[in-house]
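Please keep the sequence and the model at hand while reading.

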Amino acid sequence: MLKTNSFCRLLKIVTDNTYCGAHVRKFAYLSRKKSCLPQCLARASCLHTGLLLRQKKRLRIKIPTFHSGASTTKGQMSDESQPTDNHASFGGTFEVSDSSGEDTSIVEQKYDSEDAKSEHHRRPTKIPLNFRTWETVGKKTDSDETTFRFKVVSYNVLAQYLLEYHPYLYIDCSPRNLKWKHRSRRLYQEIRRLSPDILCLQEVQLSHLETFYSKFENIGYQGVFKQKTGDRQDGCAIYFKKSLFDLDDQISVEFFQPELPILNRDNIGVIVKLSPKELPGSSIVVATTHLLYNPKRTDVRLAQIKILLAEIDRFAYFNNGRESGHFPVILTGDFNSTPESAVIKLLDRGRVRASSLRDNSDWKRIGVTDNCQHLAVYLNRQQGCPPNFNKIKIHNSEYAFDSADADESDYWNDAHNRMFNSDVIGHSLNLISVYNKFKADGQMEASTFQDHWVTVDYIYFSCRSGLRLLERLRLPTAAECGVLGTLPNEVYPSDHLATAAVFELRRFRYAS
């Protein structure tokens, strides 16, 4: 979801009884480039006196009428509340009204009619036809070795209820481009054009699974979905072509951990293990996630990715008695983290010094070491024992640690204690990014707008596992994104740009 750091400009307006029954309305007017205080004061004056702006043919988002029993509390942008029946995503209407008082249905018909007649003039025509092109990164294996080529797409598709819950973030967008009936059609068309073999999605709205995302199942995909915890109405999903892959296993990861205060948010992750039908005995592990947005909470995002990497380490590990290691891993998602952040440094370098981001949480309480591993899994591997996941201490929807049944006599000694709460966090998955984050001339790539054009969407893959990167869908530079105007628009239906890559997988001689 498109977000901004300007939390401070929140204007509360109290209207009198003659206008709306003494209800308190909250409006947040946020500006990308300049202060919006004069506009806020002007709107406040009009609303307080019960007057409407009468600019001819000016379209605006119509704010639903408040009812006496309705709550007027609205959270911050990271507070993704459950939508009401008024939302278009729940069968209501995302209304577009004319400030002159013209009938809404007439305005919508006129708007759609005008749009159909002059789509070329309304389209941001400065966007080059080759704005998103495929870049060749590596060469396909020339040997006779059996390989399998496949395409992965990762996309934050912008949940409709979040768009409607934070309309002030999209005041510069055409109201038509914010309607789900238009956005959904463009999303479907864009994804079909990209033609992914594996599709990783973030901000997938629960109520749209049957009405929209089932369309992908109708054309040959199989999907795995995980809803965020709490009252969140969106989540993450992974779809894959049934003609190319078999689903071997799947898990979900809930970042909310009651035993660790820093992990008190509702973000989640999804992980699947897929076997290519063309390479029997080989498997790949694909994970996707959507980390916390709040720009000030890098510590929370680092804690969330630490939990996810620990679960990937557990899930992707194999030991066939002759050799052991990790299946090839592909990690995708909206990490809400810029390239210089601790989260991305951890993924890129394999380790990051994080003492300045620490809180007082004791990671021994959930048994996840500073090497992003479950202590129970680490000890099993050291001792050559089969994995005993009953001793894993994190809580999620699939299993929960029961301290009453656990024997921890072998757990805590000085060596084990030193594996927790140090100044350095690391991992051993040997991940590398599909994207360079910066072009050869030093310009930064961008995938979304958060006060300015930045990259927060990534695809990582394990580079020592028989997995090779062949192509990637080029990300524009921040400067090039100026031609996009605002997102969503007539070309791109989300406020994020999709990321995509083509991989080649070599047969595992050791996997079976």
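Strand S7 (residues 198–205) and strand S9 (residues 234–241) run antiparallel and are joined by six bridges. Within this pair, Val204 stands opposite Gly235 of S9. Helix H7 (residues 180–194) packs on the sheet, where it touches strand S6 (147–156), S7 and strand S22 (467–473). The direction of H7 makes about 160° with that of S6. Helix H8 (residues 209–218) lies across S7, S8 and S9 and runs at about 175° to S7.

The whole sheet is open and mixed, with seven strands in the order S5-S22-S23-S6-S7-S9-S8. Its edge strands, each pairing on one side only, are strand S5 (134–136) and strand S8 (221–227). On average, neighbouring strands of this sheet are turned by 25° against each other, direction ignored.

## Basis of the description

The model is predicted: local features need pLDDT of at least 70, side-chain atom pairs count only at pLDDT 80 or more, and totals for chains, interfaces and linings use all residues. Residues are numbered from 1 along each chain as its sequence is written, and side-chain values use heavy atoms, with hydrogens and water left out.

Helices (H or I, at least four residues) and strands (E, at least two) are DSSP runs, numbered from the N terminus. Two strands pair if DSSP finds at least two bridges between them. Contact means heavy atoms within 4.5 Å. Axes are lines fitted to C-alpha atoms, for helices over the stretch in contact, and angles run from 0 to 180 degrees between N-to-C directions.

## The chain as a whole

The secondary structure comprises 12 helices and 23 strands. Of the 512 residues in the chain, 53% are buried (under 20% relative accessible area; exposed is over 50%, partly exposed in between, with a 1.4 Å probe and protein chains only). Among contacts with a separation of 6 or more, 76% are between residues 24 or more positions apart.

The chain exposes about 23,100 Å², and carbon and sulfur atoms supply 48% of this area (Shrake-Rupley method, 1.4 Å probe; for residues, only the protein chains shown count as cover).

## The six-stranded sheet

A second open sheet has six strands in the order S10-S11-S12-S15-S21-S18, again with mixed pairing. Strand S10 (245–254) and strand S18 (431–433) are its edges, each pairing on one side only. The twist averages 20° from one strand to the next.

Strand S12 (residues 284–290) pairs in the parallel sense with strand S15 (residues 329–334) over six bridges. In this pairing Ala287 has Leu331 as its bridge partner, and Val285 stands opposite Val329. S11 and S12 are paired in the antiparallel sense, also over six bridges; here Val270 has Thr288 as its partner.

## Strand S12 and Ile284

Seven of the seven residues of S12 are buried. In a regular strand the side chains alternate between the two faces of the sheet. In S12, Ile284, Val286, Thr288 and His290 point one way, and Val285, Ala287 and Thr289 the other.

Ile284 counts as buried because its relative accessibility is 0%. Leaving out residues up to four places away in sequence, Ile284 touches Phe150, Ile198, Phe245, Val272, Lys273, Leu274, Pro328 and Leu505. His326 is 42 residues from Ile284 along the chain, and their C-alpha atoms are separated by 9.3 Å.

Helix H9 (residues 298–316) lies across S10, strand S11 (268–276), S12, S15 and S18, at about 145° to S10. Helix H10 (residues 342–349) touches S15, S18 and strand S21 (457–462), making about 20° with the direction of S21. H9 is largely enclosed by the rest of the structure, because 19 of its 19 residues are buried. From first C-alpha to last, H9 reaches 26 Å, close to the 27 Å expected at 1.5 Å a residue (1.5 Å times one less than the number of residues).

H9 and H10 pack at about 35°, with their axes 8 Å apart. Thr298, Arg301, Leu302, Ile305 and Leu309 in H9 meet Ala342, Val343, Leu346 and Leu347 in H10. These contact residues divide into seven nonpolar, one polar and one charged (Ala, Val, Leu, Ile, Met, Phe, Trp, Tyr, Cys and Pro are nonpolar, Asp, Glu, Lys and Arg charged, and the others, Gly among them, polar). In helix H11 (residues 375–383), the buried residues are Leu375, Ala376, Val377, Leu379 and Asn380, and their cover includes H9 and helix H12 (414–417).
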